[in-house]
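Here is a briefing on one protein model.

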Amino acid sequence: MKSNFSKGLLMTALITGSVMWGGTNVFAEELQEFSLDQMVVTATRTEKRDVDIPASTTVITSQQLKDSGSSSIAEVLGKQAGIEYKSFGPLGSSMGTMINEVNIRGISNGTLVLVNGNPISWRGKYNLESIPTESIERIEIVKSGGSVLYGSEAMGGVINIITKKKGSNSVSVGYGNRSHQNYKVNVGDEKFTAGYSLEKMGRVNYRSLSDVNYKKKGETTPNLKGETRTDADDVKKQSVNIGYNFNDNLSLAYNYYESQVNYERFFTDVEKGNASVGDQFNGRLYTTKQNNFQLNYKDDDYKASVYYNITNIESEGPSFYNTTTSSTTCGNKKFSIYHTKERNSTVGADLQRNWDIGEKSQAVLGVDYQHEMYEKSVFSGGSLSRDIWAVFGQWDQKFDDKNSMIFGARETWTTNAFRDQNYNNFSGAVQYIHKLDDDQSLYAAYTESFIMPTYAQMNGASDTAKPNPNLKPQTGKNYELGWKKVSDSHNWKAALYHIDIKDNISATWTSSRAEYTYKNEDFKNTGVELTCEIKDDNGFSYNYGVNYGDPKVKAKTGKTYWDRKFGRWQLNGGITYAKDKLRSSLTGSYLADRVNTPSSTHSSKTKPYFITPLFFCTSLNSTLYSSPSASLTARCTFVLKTVISI
């Protein structure tokens, strides 16, 4: 598919009225400052200063989310150097299992998404839109292989979304163009927090352009050939978030997410066949429902969690042409109803023990377990499952005040898999850090990572997805040299990296058979990345980032040469003003030297794109009621938000 997102122009003006109530310091949270010298947990499973971590890390606080005007995690990630977020539908909605994708340093299938340290992925996919930004305490991003600490899928990096434990009380309503509506309610206190979010949007045309080329099996001449456009209509997303703190150590979290979007495809060009421009090719209503449960425990020595994730995907709608290549009427007009269902569920547990051994050594030892189940119905039926076990450990050794090393290892294996499709993997990591002073460091890191094939890839997920039971796990090696420096107003980071992946799992589309299958190929990328954050005392903050790489792939058969895969240049930058009741943010993201990479032919150059969101917000407050114990305050917030894509 050829997305038209980079060619579009979207301008949205929202006027939001909200009511907030609580104690006399109800707006104190808005005035809190964030520090450039952040503490990070995800990178080492222990709390460390960012400058003391031998890896590329980024921390985005809740205050930064507010000040930037980001309404979704997708917007947040799109502003980070070395990261690209691909969204198919409006409001970040996906097209069934064609889910939205986070690309870290050219790796499109190696991002592990965690919520409070627990995975929410389903067969390698994830719904980032399930967590509203109002419920987020901070986001931690680690842009190097994280499989040693977190297992499969963490080849490109880890995104850990940490939610708020303390609730706030607010109600907001927003309206915009294209029938855009946004409703949010949040309530809570020190122990309990709950939130509900509903977002809707009307019709958005030309989400993508797709080639149509259908021919009967064994023939070279197509019966139906042309081009279609895909429109989106009746987009709806809603989520429920509930949290409860039993005490300072034990907490419970629940998230429900649901999205619905109707996609319709119409002919924009017909080269051959019994069709005319404007005819409808098909229509699909895609529904996603996701439930995530977590029970988390943490003290100075132990960290434990139990989680349960279940995701249901359904697609149904009319088809107006026969696309079955084995049929003698392939490409002819034929009305039928398409209907598929899929369920993915994961039950898991993670236990971690920390030790301080003397003044110079720290150790981490842990075990985790997952039971995965994949159920497909309507088109074939049946369910598949497997158990995933792992033991991991880490030793942090400080030699002196300036030099330290971290050694890590993980052994992962599966049992009870369908057709004995079991795997085992050993991954290791070595990281060295040299402190130039308390606020400046150099580091070198070598980490190994892996991704196991999913049941959907090995056994097929739809009538157009063909199984490949012989898929191999993909294994990767990440090399990185870096420098970090933090001061009162500046935070600099630089990294030189090389990524080498063997048996990278990639989908290949075969137009002659109108089907796709997964195959193993190799991937490599060498690049350099520089970022800087600046914050002054007058309410202004600035950031910029540059990432240059050369991502390439090479297939085992067919394209046996190294072929370009992703854009080489990525530039990010922005300026934010946040003081008193005024917030304004202007950011830009530019991706250049891009290519289209078809499955069977050589990559070809395509246009760069530039996205620049402008956000402006001001609030007017009025105290409606005040007493020694509580106050009721009304706040009217005027928001102007404009996004321009070129």
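Two strands pair if DSSP finds at least two bridges between them. Helices (H or I, at least four residues) and strands (E, at least two) are DSSP runs, numbered from the N terminus. This is a predicted model: local features need pLDDT of at least 70, side-chain atom pairs count only at pLDDT 80 or more, and totals for chains, interfaces and linings use all residues. Residues are numbered from 1 along each chain as its sequence is written, and side-chain values use heavy atoms, with hydrogens and water left out.

**The sheet**

- Five strands make up an open, mixed sheet, ordered β5-β10-β11-β8-β9.
- β5 (57–61) and β9 (118–119) are the edge strands; each has a single partner strand, so one side of each lacks a neighbour in the sheet.
- β5 and β10 (residues 136–142) run antiparallel and are joined by five bridges.
- In that pairing, threonine 57 sits opposite valine 142, and threonine 61 faces arginine 138.
- On to β11: β10 pairs with β11 over six bridges, also in the antiparallel sense.
- Here glutamate 140 stands opposite asparagine 160 of β11.
- Buried means under 20% relative accessible area, exposed over 50%, and partly exposed in between (1.4 Å probe, protein chains only).
- Five of the seven residues of β10 are buried, so the strand is largely enclosed by the rest of the structure.

**Salt bridges**

- A salt bridge is a side-chain nitrogen of Lys or Arg within 4 Å of a carboxyl oxygen of Asp or Glu.
- The whole structure holds 31 salt bridges.
- Glutamate 480 and arginine 105 form one of them, at 3.1 Å from N to O.
- This pair links distant parts of the chain, 375 residues apart: glutamate 480 is in strand β27 (residues 474–486), arginine 105 in the loop between β7 (101–104) and β8 (111–115).
- Glutamate 480 and arginine 105 are both buried.
- Lysine 143 bridges to glutamate 529, with the closest N and O atoms 2.6 Å apart.
- Lysine 143 is in the loop between β10 and α4 (147–150) and glutamate 529 in strand β29 (residues 515–535), so the pair ties together parts 386 residues apart in sequence.
- Lysine 143 is buried at 5% relative accessible area, and glutamate 529 is buried at 5% as well.
- Arginine 203 meets glutamate 264 in a salt bridge of 2.8 Å, N to O.
- Arginine 203 lies in the loop between β14 (192–201) and β15 (204–214) and glutamate 264 in strand β17 (residues 250–272), so this pair ties together parts 61 residues apart in sequence.
- Arginine 203 is partly exposed at 32% relative accessible area, whereas glutamate 264 is buried at 19%.
- Shared partners join Arg203, Arg229, Asp231, Asp233 and Glu264 into one salt-bridge network.

**Nonpolar cores**

- A nonpolar core is a set of buried Ala, Val, Leu, Ile, Met, Phe, Trp, Tyr and Cys residues joined through side-chain atoms within 4.5 Å.
- The largest core has 21 residues; Ile73, Leu77, Val102, Leu128, Ile139 and Ile161 touch the most other members.
- At least two residues of this core come from each of α3 (73–77), β6 (83–86), β7, β8, β10 and β11 (157–163).
- α3 contributes the most, with four residues.
- Contact means heavy atoms within 4.5 Å.
- Beyond its neighbours within four places in sequence, isoleucine 139 is in contact with Thr58, Val59, Ile60, Ile73, Val76, Ile159 and Asn160.
- Another core lies apart from the largest one and has 13 residues, among them Leu384, Phe450, Met458 and Ile505.
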